[in-house]
Amino acid sequence: MNLISVENLSKSYGEKTLLNNISFGIDEGDKIGIIGINGTGKSTLLKIIAGIENYDTGNIIRKNNMVIEYLPQNPFFDEEANVIQQVFKGTSPLMETIRDYEECLKEVELNPHEEILQKRLMNLTSKMDGLNLWQIESEAKAILTTFGITNFFEKIKNLSGGQKKRIALCSSLVNPSDLLILDEPTNHMDNEIISWLEEYLNKRKGALLMITHDRYFLDRVTNKIFEISKGNLYSYTGNYSVFLEKRLEREELEQASESKRQNLLRRELEWIKRGAKARSTKQKARIDRFNKLSEEKVDLNNDKLEISTSYTRLGKKVIELKNISKCFSNNVLIKDFSYIVLPDDRIGIVGPNGIGKSTLINILVGNLEPDKGTIDVGETVKIGYFSQEWKPINEELRVIEYIRESAEFITTSDGTKISASQMLEKFLFTPEIQWTPINKLSGGEKRRLYLLKVLMESPNVLLLDEPTNDLDTETLTILEDYLESFNGAVITVSHDRYFLDKVVDKIFVFEGQGVIREYTGNYTECWEKIRDKNFKNNEEKLNIEKSNIKNKDTEEKKKEKPLKFSYKEKLEYEEIESVIEKLEEELCAVEKDIEQYSSDFKKLEESLEKKKKLEKLLEEKMDRWAYLSELAEKIEQSKM
């Protein structure tokens, strides 16, 4: 079933055309990834579809009573709200009911004998039943727990930026919708959460429209790709791998078409020139054909980012870390870590958020001092540091003024001199955009500008902290190619598995408690080694257990004693059926209590806990009964 039809949609900002007469549809089951260079209008398109931004011309037809859930790149947070209130935001009856229930539940917990609260909780419980909201509430808490957020009543203002982003993501996932729209959902998420999100979105039944730079994520989740280029929208059926193949086919076809047009144009131009002396003999139709060919130029997508910068010689000695340690408030992030950085190192740093990855980068840069240990930096080292955050600058500066602060001209590795303006053009900043104030750029364009700033300073050691955040796939591909030929050491923190697989050949894994483990290989190879290591450890443990069982069996066979119950087992076997019967009666009684105390939170919690214990005990007794019964049969058979 069709959810949305977009017809001849156009959107411009001033003289810049973002979307030019584009048309497409979104159907149930579509999982669409949007690709395009930063600043081409990807986020604008999401906002238009979500209904929070206007468009200039065109038409959007939505299914009746359609519900859209939208996660922006920078979500709004009510700093005074708690986690539950932020997750169940909105004015829909469903969200208001869950919010009211959770708040009332908390109040009853604090004032269990307040009759008015008890009555209100009973009414809200009934309302939750009627609207079938228990699954949504349970799912939200399960997702929050998966995201490492367990205090559901913590104020938003007390949380980190990463925790806030996870709460916003949770809210978007649990709010029922026909179309889920996500703008860069994997930014600032660690690999475990990204893997979980992949699985969740693959199982989700509704339609999905998203922007992400994570190419593995695109490959594993999407079944359709929209590419935005120069105001046009190109649709491809398939995941990211299929998109790459089909885009190449399209570009080759366009190149062939343009080449054919140019040949025709040349021949027509020659004819026009030959007939210049005898205008009366020229055929009007042929002149019209020439004019038409001239106007039909194919707008080839030549927005290929090129990075070519100068290089400062790097000596043999780069950076040497000796037994460094770093703690924050008794939280050990790095403990007795030593490493000698080599001139050609390509190192990826991975681990959960908040475990100390950026701390290590900042120690290498010199922004932080270790609590213990020493750092020795070579005399020829010139560090280029691409930080996770956009450094505070005067955003009233124009783009070209910001770059000229680093250099007016640079000499590339092949000896060519290039001006700041020419370098900006290589980074897809047209002459018009170069004189635009930085505060007018999109988030991705600012990141691309910042990357150029770092590279123009001619570093020979690159320290990159989450370089892939907010960069488009085109920029990432060229950056990866640049890093492959970079004559110096590269150390990068990243959650982008595709990027790590292409760039690094060594991985530092933060395992917690200050432990940093070194693995040779890219990201995929590293995790295969970790998986194999865990499998081997488990297999060795299993073999030891099997050996112990075998030895025990051998010893028992050596004893050659007749098979019989011990005195204790005999008594247990005689009584176990009555014990099971009694447990089943108790369980029935507790289940009745649960129904009775549905509005009394404290008693309900006690009853649920009691039920859990009884069910566990009953399961143990049933297993024991099965064992004793089987043993009794074997004893009878041995007597025959």
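**A chat about the fold**

Guide: Let's start with Tyr519, which is buried, with a relative accessible area of 10%. One caution before we go on: this is a predicted model.

Visitor: Where does Tyr519 sit?
Guide: Tyr519 is in strand E20, which covers residues 515–520.

Visitor: And what does Tyr519 touch, leaving out residues up to four places away in sequence?
Guide: Tyr519 touches Lys506, Ile507, Val509, Glu511, Cys526, Lys529, Ile530 and Lys533. Take Val509 from that list. Tyr519 and Val509 are ten residues apart in sequence, and their C-alpha atoms are 7.7 Å apart in space.

Visitor: Why does Tyr519 count as buried?
Guide: Buried means under 20% relative accessible area. Tyr519 has 10%, so it counts as buried.

Visitor: What sheet is E20 part of?
Guide: E20 belongs to an open sheet of six strands. The order is E14-E17-E18-E12-E19-E20, and the pairing is mixed. The edge strands are E14 (383–386) and E20, and each of them pairs on one side only. From one strand to the next, the twist averages 15°.

Visitor: How many bridges join E19 to E20?
Guide: Six bridges join strand E19 (residues 506–512) to E20, and the two run antiparallel. One detail to find on screen: Gly512 has Val515 in E20 as its bridge partner.

Visitor: Which helices pack on that sheet?
Guide: Helix H15 (residues 443–456) is one of them, and it touches E14 and strand E17 (461–465). The direction of H15 makes about 170° with that of E14. Helix H16 (residues 473–485) packs on the sheet too, touching strand E12 (346–350), E17 and strand E18 (489–493). The direction of H16 makes about 145° with that of E17.

Visitor: What holds strands in a sheet together, in general?
Guide: Strands of a sheet pair through backbone hydrogen bonds, either parallel or antiparallel.

Visitor: OK, new topic. What is the order of the three-strand sheet?
Guide: The order is E11-E10-E13, in an open sheet with antiparallel pairing. Strand E11 (331–341) and strand E13 (372–377) are the edge strands, each pairing on one side only. Neighbouring strands are turned by 20° against each other on average, direction ignored.

Visitor: How many bridges join E10 to E13?
Guide: Five bridges join strand E10 (residues 319–328) to E13, and they run antiparallel. Leu321 stands opposite Ile375 in E13.

Visitor: Which helix packs on this sheet?
Guide: Helix H11 (residues 357–365) does, touching E10, E11 and E13. Its direction makes about 130° with that of E10.

Visitor: What about the loop between E10 and E11? Which residue there has a phi of about 50°?
Guide: That is Ser329, in the loop between E10 and E11. Its phi is positive although Ser329 is not a glycine. Asn330 lies in this loop too. Phi of Asn330 is near 65°, again a positive value in a residue other than glycine.

Visitor: Are Ser329 and Asn330 buried or exposed?
Guide: Ser329 is exposed, with a relative accessible area of 76%. Asn330 is exposed as well, at 79%.

Visitor: What does Leu218 touch, leaving aside neighbours within four places?
Guide: Leu218 is in contact with Gly33, Ile35, Met210, Thr212, Ile225, Asn239 and Tyr240. Leu218 lies in helix H8 (residues 215–221). At 0% relative accessibility, Leu218 counts as buried. Leu218 and Gly33 are 185 residues apart in sequence, yet 6.5 Å apart in space, C-alpha to C-alpha.

Visitor: And the whole chain? How many helices and strands?
Guide: The protein chain has 20 helices and 20 strands. Of its 640 residues, 46% count as buried.

Methods:
Residues are numbered from 1 along each chain as its sequence is written. This is a predicted model: local features need pLDDT of at least 70, side-chain atom pairs count only at pLDDT 80 or more; totals for chains, interfaces and linings use all residues. Side-chain values use heavy atoms; hydrogens and water are left out. Two strands pair if DSSP finds at least two bridges between them. Helices (H or I, at least four residues) and strands (E, at least two) are DSSP runs, numbered from the N terminus. Axes are lines fitted to C-alpha atoms, for helices over the stretch in contact, and angles run from 0 to 180 degrees between N-to-C directions. Contact means heavy atoms within 4.5 Å. Buried means under 20% relative accessible area, exposed over 50%, partly exposed in between (1.4 Å probe, protein chains only).
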